[in-house]
Amino acid sequence: MNPSDGIVAELRTLGNPARAEREKRYLKSDLLHLGVPVPAIRKVAVRAAAGRSREQTLALARGLWHEPVHESRMAAVELLVRNWALLKARDLPIIERMIRESHTWAYVDVLAIKVVGRLIWRYPRLVTTLDLWPGDENLWIRRTALLALIRGIRTGEADLTRLSEYGDVLIEEREFFVRKALGWVLRELSKRDPGWVTSWVRERTDRISGVTFREAVRHLPAEDRESLLTAYRT
């Protein structure tokens with residue numbers, strides 16, 4: 001039995017049919033859903049990750065990802081999160097392929113923030129690849145370009161130049177999930193640098209979408225939020 005087969009078998013024992021139906025409907029998924037809560041999936045993945053080499057981690061992640069089962073794909077993602085420190089710069093295309101095949105934020109957001117963001121931090125030369133992603137035809141790659149910046153924001157190393165550049169490329173984006181991502185990143189930054197976010201949004205109130213605007217101003221000081229809301233409405 002392949003290691004991935006054993007993990008999927010374990011996940012099946014943890015499933016809940018009612019939860020599976022609700023989750024499949026919520027995610028609008030074409031995959032089989034077992035109804036396993038994320039914390040339980042994470043525990044399975046943590047055990048599976050223990051003691052594995054980089055090569056073993058990647059092989060198991062591929063095996064789990066290729067299963068047409070939601071929880072199997074979630075386990076692949078969590079496995080990579082757990083063993084991300086083993087990954088090399090040359091592994092980014094593997095993660096990129098997974099993101100392109102994801103078709104849902106449920107996998108993309110974790111990969112973007114906890115794997116891609118960390119790889120960019122460890123291997124700064126990878127930003128040359130990230131810089132291409134805001135213009136990519138795949139909406140999940142565009143979303144990842146933004147969300148990968150969150151790691152730096154949360155650690156006090158925000159790349160404001162790239163955030164501004166990516167934001168200007170995507171500010172008139174039509175896809176909801178990309179608009180939401182831009183707002184999310186601005187919201188994260190507003191917790192540390194509300195002045196920068198206020199200034200950036202103010203200069204773009206004529207172009208910023210409602211989804212992005214609402215997320216961006218959520219944690220701003222009340223005075224700044226009201227001032228931006230007035231400018232946005234006019």
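The legends below describe close-up views of a predicted model.

**View 1. The aromatic pair of W65 and Y107.** The structure holds seven aromatic pairs. In one of them, the ring centres of W65 and Y107 are 5.5 Å apart and the planes meet at 75 degrees, so the pair is edge-to-face; planes over 60 degrees apart count as such. W65 belongs to helix α4 (residues 54-65) and Y107 to helix α7 (residues 105-122), so the contact ties together parts that are 42 residues apart in sequence. W65 and Y107 are both buried.

**View 2. The aromatic pair of W140 and F177.** The rings of W140 and F177 form a tilted pair, with 5.1 Å from centre to centre and 40 degrees between the planes. This pair also links distant parts of the chain: W140 lies in helix α9 (residues 139-147) and F177 in helix α12 (residues 176-190), 37 residues apart. W140 counts as buried because its relative accessibility is 8%, under the 20% cut-off. F177, with a relative accessible area of 30%, is partly exposed. Ring pairs join W140 and F177 with F176 in a cluster.

**View 3. The charge of R73 over the ring of W65.** The charged end of R73 sits over the W65 ring, at 4.6 Å from the ring centre. W65, which pairs with Y107, is buried.

**View 4. Helix α4 and its buried face.** Helix α4 has 12 residues, which at 1.5 Å a residue should span 16 Å; the end C-alpha atoms are 16 Å apart, in agreement with that value. The buried residues of α4 are R54, T57, L58, L60, A61, L64 and W65. Seen down the helix axis, these residues fall within an arc of 165 degrees, so they line one face of α4. The elements that cover them include α1 (3-13), α3 (38-49), α5 (70-82), α6 (92-100) and α7.

**View 5. The largest nonpolar core and the contacts of L80.** In soluble globular proteins, nonpolar side chains tend to be buried together. The largest nonpolar core here has 77 residues, of which L80, V116, L130 and V201 touch the most other members. Helix α7 gives the largest share of this core, 11 residues. Leaving aside residues up to four places away in sequence, L80 touches T57, L58, A61, L87, I95, M98, L111 and V115.

Methods
Residues are numbered from 1 along each chain as its sequence is written. This is a predicted model: local features need pLDDT of at least 70, side-chain atom pairs count only at pLDDT 80 or more; totals for chains, interfaces and linings use all residues. Side-chain values use heavy atoms; hydrogens and water are left out. Rings of Phe, Tyr and Trp (its six-membered ring) pair if their centres lie within 6.5 Å; planes under 30 degrees apart count as stacked, over 60 as edge-to-face and the rest as tilted. Helices (H or I, at least four residues) and strands (E, at least two) are DSSP runs, numbered from the N terminus. Buried means under 20% relative accessible area, exposed over 50%, partly exposed in between (1.4 Å probe, protein chains only). A charge sits over a ring if NZ of Lys or CZ of Arg is within 6 Å of the ring centre and within 35 degrees of the ring normal. The expected span of a helix is 1.5 Å times one less than its number of residues. The arc is that of the directions from the helix axis to the C-beta atoms. Contact means heavy atoms within 4.5 Å. A nonpolar core is a set of buried Ala, Val, Leu, Ile, Met, Phe, Trp, Tyr and Cys residues joined through side-chain atoms within 4.5 Å.
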